[in-house]
Amino acid sequence: MNCSSFVFAFSLCASVAVAQTTSSTPSASTPSKTPSATITPGAPSVSSSGPALQPRGIDATATATPNKVVATVNGKQITAKEAADMIDALSPQDRKRYESNLAQVVQQIFAAEQMANDAAKENLDQKPPTKQELELSRDNILARAYLTNLIENPAASERAKQYYDAHPPEFDQAKVSGILVAFNPPGTPATSAAVTRTESDAQLKSADLAKKIKNGGDFAALARTESDQPQTASKGGDMGGFVTGDPNVPPDIRDAVAKLQPSQVSEPLRTTLGGVNGYLIIKLDSRTHIPFDQVKQSLIPKLELDKYKIHVEDPQFFAAAAPRPAMNTPSLARPNSSKPPAAPGTTTPKPPER
């Protein structure tokens, strides 16, 4: 049963009362030593003074005694194999996350399966919006399976390598720092109580800061005292890193960074960052080229998805949609630096619902 997403639609209880079995205290007549057991490789351990030791653990129990009843839910007995199959449907991350509550996981998976069966009996799977959601979920799962399989295709790997070799600037990792001198456009409310300057005042201040830096001023120290971006100012202006070919990075910032060598500083750049208007001074801290092996798994899906780029024939049709809220991302740093950077133009997809 493929059911991991439904399990977590039900939130696990934060605290679960688990009955603890206590081992009995040996009596005074219990011998201090017992004869050593003879163990044959591949066979259950047998003690000379007792029955064979029972297998421990989910997989071991399901293999050795698949029909052993390990739980009962709503009067239905759950065998070791059935419970193991439910738990094996979880991703490795979810299994580790809920390893102390696996009994409750089995309960919720079983409940989900029974309710799904009841829903099907009432033909709820044929009624909107459930029918459309099921179809979309199926498409998402199959599309993900297709892209996963494509990564193992030698021809797809070769196409990705050719693209990688032909577009080297797109696979540079740039680490930058910045000083933002914010301003409020005429007729707009102040974005911050501390920022009341006009655009001309911001332009003059940013030019003065750029001059100080070129004359040997400490960029990090100036960022801490002068930048209007608190999240990065406290770190000496550190804005993190980004892939230079990533279209999600504002083009003006991407182009400015492309012209810099490590340790060089840009001229003040008029931009909007995290919804704040201002003049940004950028310092390129470092630039490294990302190896192909680190981008392969995201580049192959990107190239496949590029075949399906949309060409809008009727802009007014799509303009009727609700406006997309502005992203408030003051830092260019990726949220998880331990993962390899994604290929330009890709985002890490969330697992489709099941």
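Select Y163 and F171: both are buried (under 20% relative accessible area; exposed is over 50%, partly exposed in between, with a 1.4 Å probe and protein chains only). This is a predicted model, where local features need pLDDT of at least 70, side-chain atom pairs count only at pLDDT 80 or more, and totals for chains, interfaces and linings use all residues. Residues are numbered from 1 along each chain as its sequence is written, and side-chain values use heavy atoms, with hydrogens and water left out.

**The rings**

Stay with Y163 and F171. Their ring centres are 6.4 Å apart and their planes are at 85°, so this pair is edge-to-face. Rings of Phe, Tyr and Trp (its six-membered ring) pair if their centres lie within 6.5 Å; planes under 30 degrees apart are stacked, over 60 edge-to-face, the rest tilted.

With F171 it makes a tilted pair, 5.0 Å centre to centre and 45° between the planes. Y164 counts as buried at 8% relative accessibility. F171 has 0%.

Y163, Y164, F171 and F292 form one aromatic cluster. The structure holds five aromatic pairs.

Next, K161. Its charged end sits over the ring of F292, 5.9 Å from the centre (NZ of Lys or CZ of Arg within 6 Å of the ring centre and within 35 degrees of the ring normal).

**Helix α3**

Select residues 80-88, helix α3 (a DSSP run of H or I, at least four residues; strands are E, at least two; both are numbered from the N terminus). Which residues of α3 are buried? They are A80, A83, A84, M86 and I87. Seen down the axis, they fall within an arc of 160°, so they line one face of α3.

Definitions and conventions. The arc is that of the directions from the helix axis to the C-beta atoms.
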